[in-house]
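Subject: Structure for you to look at

Hello,

Here is the structure I said I would pass on. My notes on it follow below.

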Amino acid sequence: MFKLLTTGFWEAVARIILRNKIFILIAVIVATVFFSMQWKHMRFTYTEANMLPDDHEVNLIYNDFLKVFGEEGNLIVLGVKDSSIFSIKQLNSWNRLAESFKSYDEVETVLSIKDLQKLVKNTQKEQFDLEPFIKDSITSLEQINTLQKDLFKKYPFYDNFLFNAETKTIRTAIYLKKEIVNTSARKDFIINILDKKIEDFKTATNLDVRVSGMPYIRTLNSQNIVDEIPIFIGAALFITSFIFFLFFRSFRATFISLIVVCVGVMWTFGILGLLGYEITVLTALIPPLIIVIGIPNCIFLINKYQHEVRSHGNKVKSLQRVITKIGNATLMTNVTTASGFATFILTESKLLKEFGIVASLSILAIFILCLLIIPIMYTFLPYPKERHLEHLNKRWIGGFVDWMERMVKHKKITIYVTAFILIMASMIGINKIEISGSLIEDMPKDKQFFKDIRFFEDEFNGIMPLEIMVDTKRKKGVMKLATLKRINELEELIEDIPELSKPISVVSLVKYSKQAYYNGNPKYYQLPTSQENSFILSYAKNSSSDIDLLKNFVDSTGQYARVTTFMKDIGTDKMERIQETLQNKIDKLFPEERYEVTMTGKALVFQKGTKYLVRNLVISLSLAIFLISLFMAYLFRSVRMIIVSLIPNLLPLLVTAGLMGYVGVPIKPSTILVFSIAFGISVDDTIHFLAKYRQELQANHWKIRKSVYAALRETGISMFYTSIVLFFGFSVFTISSFGGTVALGALVSITLLFAMLSNLLLLPSLLLSLERNIANKEVLRKPAIDIIPSEDEPEDHMEKNQEQLS
């Protein structure tokens, strides 16, 4: 009954499509115009990818920190390592460059060498005054020598902040206003003002200026994502259409396929705009993904049309059969592919949810477009010429199919042994996989801004902030000497960790105050005694309100203190060890009943997000396997068939995971996507093969071997075509400058190639070896859904439909 209902449904669909072709084309055009109008709502991301859910403990801690101290990722640094900078002309030019940024509304404050000031004791007024190191401009080499002597030897407070005393590298700090850090105003300032000024400065002085800081990195990284979108789309269109043309030798068929996938891309951008999602490093992959996934749909439909035309020469009958016979199969395969992406929706990560929603909707949209546009366009076109049908008789394809058949017939043991060896080798490789939580690992290594990141890591031990917030649980508790001593001990530990920069906190200011109290003598750069503390604090209280050095390190109530250090780009394991070391020290130094100390910062949030994502995506992949297993069970009504069908699709995933371990590709947000995507796509081949196998069983009176070989010959060519398109289509992502995107493209391509061979060699071999256990006539004779309708449908019924459509 369900079979007749299904067949009747697709016959009705065929009639609706072919009878109302003009109306449907107009509807598609109107929908495309509507989606095009949504493009204006597309937004490019201005923040880092946060893989954690909003209510996750790590995010809550980070947000609590932001509430107290505001946005911490608002620092841009300019650096120069060149001895010629210490000349009158060059140093004045450097200071003028820094000064020029102060007039812009986007800038909160600028600190350069000229802005540095000495804290000086005023005995008469019993207060501290500030005196600039450089009062106006440099006029003599003697001033420069004095400045270097003071900064590099006499005032350790400034060391490793605006200069490196050992390498004589200097830098300028530009703090953007916190309210514009996560908006488009940040991008406009950096691209249109900052970069242009720096280029002009480099041209005028011939100095190599390095630029970094989280706002700068995020801006250029986002711009690279945007710049790569048209490259991906163009490359995907070119490679898939070129392969398509090589297979079909038809400009007409190639052009129709290009129209379909281009409309699909327009719809995808429209969906992004309609839902108001940002374009991130993940959602930017969806348009080329739709091209790569859409072309195989076109191959199945056009290949079937040409087979039908060559068989009986009736165009209307051919187009009807394309819809009734291939429509169900392409629907099932697109649903399974969409399911692989849709499982990301079930993760708690906003980034992945948006990716899963847009990708799954776009896949279903491209299926609908293929089913509507291809048959309708062929109704307006003449019959395919003989040269367009030559590919159906390609000898080399026949040779490939013959090789597969020989392997399945005579080399089953070889296939099983090879599969077993691959499994064992893969298990070893999987044990070598590492998890990466690096914030910059996937960034383009050949870009100047990435090289500048490494420069600042070498000179100043990193640019990714790690924040420690100390809650003393009482007002003005920070300035208690006991608290300052505890923070100082924590800072001493941080200084001993080579992956972290010299910390900055209120302790440094208090030490500087004591040094100033003793007339700038550097040996007194240390915490005051309890007796000294009262005198020094009285001087600080009497000082002008302009000397508000504490505001960035202590909140207005004096209850919260902040210790800021910067971290190098290190792996997850190292980061976890550092965090554990710091936490152990914190637990010893700060009693729980008196203090609450938390660690946070961009680097830590990203690392925790990666670990969280890996756990969630393992669950997501398991869920994808479970859902598709249920789907297969519903299709074939056989638990044994589920097991047989899963083995050839899980093997490629194991091989890919093992390969990642051997070549050193870590598990990270980009590479973990490979498994769900590849599984959702590769299972399509299994559905096609098993559906054809069931059909052949009925046609061949339940003769297993004959049916397996017939199914292999029938589906082998289409599976080969689509796998080649998918392989080269996903390979397009390897041209990306982002390491994660390259890894994603390469790994999915390899996985799908293995999946094709696994489905064409291992799957039929298993069916033959287990024929007695799985050849249940009652199960396979009555599927829940008839994916490929039988060829022996009544001719008079078909003729009647054909006459109506004509």
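A surface patch here is built from residues with over 30% relative accessible area and no salt bridge, and nonpolar side chains are joined into one patch when they lie within 5 Å. By that rule I413, V417, F420, I421, M424 and M427 make up a nonpolar patch on the surface, and together they have about 600 Å² of accessible area. One of them, M424, sits in helix α13, which covers residues 412-430. M424 has a relative accessible area of 40%, so this residue counts as partly exposed.

Please keep in mind that the model is predicted.

The chain as a whole

The protein chain has 806 residues, and 58% of them are buried. Its secondary structure amounts to 26 helices and 12 strands. The accessible surface is about 33,800 Å², with 57% of that belonging to carbon and sulfur atoms. Taking contacts between residues at least 6 apart in sequence, 81% are between residues at least 24 apart.

Salt bridges

Side chains of opposite charge can pair when their charged atoms come close. The cut-off applied is a side-chain nitrogen of Lys or Arg within 4 Å of a carboxyl oxygen of Asp or Glu, and the count by this rule is 11 salt bridges.

D115 and K102 form one of these, with an N to O distance of 2.5 Å. The two residues are 13 apart and belong to distant parts of the chain: D115 is in the loop between β3 (107-111) and β4 (117-122), while K102 is in the loop between α4 (88-100) and β3. D115 is buried because its relative accessible area is 19%, and the cut-off for buried is under 20%. K102, at 33%, is partly exposed. Both residues also belong to a network of salt bridges that includes E99.

Two further pairs lie within helices:

- K409 and E405 have their closest N and O atoms 3.3 Å apart. They are 4 residues apart in helix α12 (residues 395-410), so about one helical turn separates them. K409 is partly exposed at 36% relative accessible area, whereas E405 is buried at 12%.
- E457 and R454 have their closest N and O atoms 3.0 Å apart. Both are in helix α14 (residues 448-460), 3 residues apart, or about one turn of the helix. E457 is buried at 7% relative accessible area, and R454 is partly exposed at 29%.

A helix pair

Two packed helices are described by the angle between their axes and the distance between the axes. How do α6 and α7 cross? The axes of α6 (residues 184-205) and α7 (residues 214-248) come within 10 Å and cross at roughly 95 degrees. Angles of 65 to 115 degrees count as roughly perpendicular, and α6 and α7 are therefore described that way. On the α6 side the contact is made by R186, K187, I190, I191, L194 and D195, and on the α7 side by P215, Y216, R218, T219, L220 and Q223.

Two single residues

T183 is in the loop between β7 (169-176) and α6. This residue is partly exposed, with a relative accessible area of 29%. The C-alpha atoms of T183 and F44 are 9.8 Å apart, although 139 residues separate the two along the chain.

S508 is in helix α16 (residues 506-517) and is buried, with a relative accessible area of 6%. Leaving out residues up to four places away in sequence, S508 touches F157, E491, P503 and Y525.

Regards

Definitions and conventions
Residues numbered from 1 in each chain as written. Predicted model: local features only at pLDDT ≥ 70, side-chain atom pairs only at ≥ 80, totals over all residues. Heavy atoms only, no water. Patch = residues over 30% accessible without salt bridge, like charges linked within 9 Å, V, L, I, M, F, W, Y side chains within 5 Å. Areas by Shrake-Rupley, 256 points an atom, 1.4 Å probe, with all protein chains shown as cover. Buried < 20%, exposed > 50% of the residue type's maximum accessible area, 1.4 Å probe, protein only. Axes fitted to C-alpha atoms, helices over the stretch in contact; angles between N-to-C directions. Parallel < 35°, antiparallel > 145°, perpendicular 65-115°, else oblique. Contact = heavy atoms within 4.5 Å.
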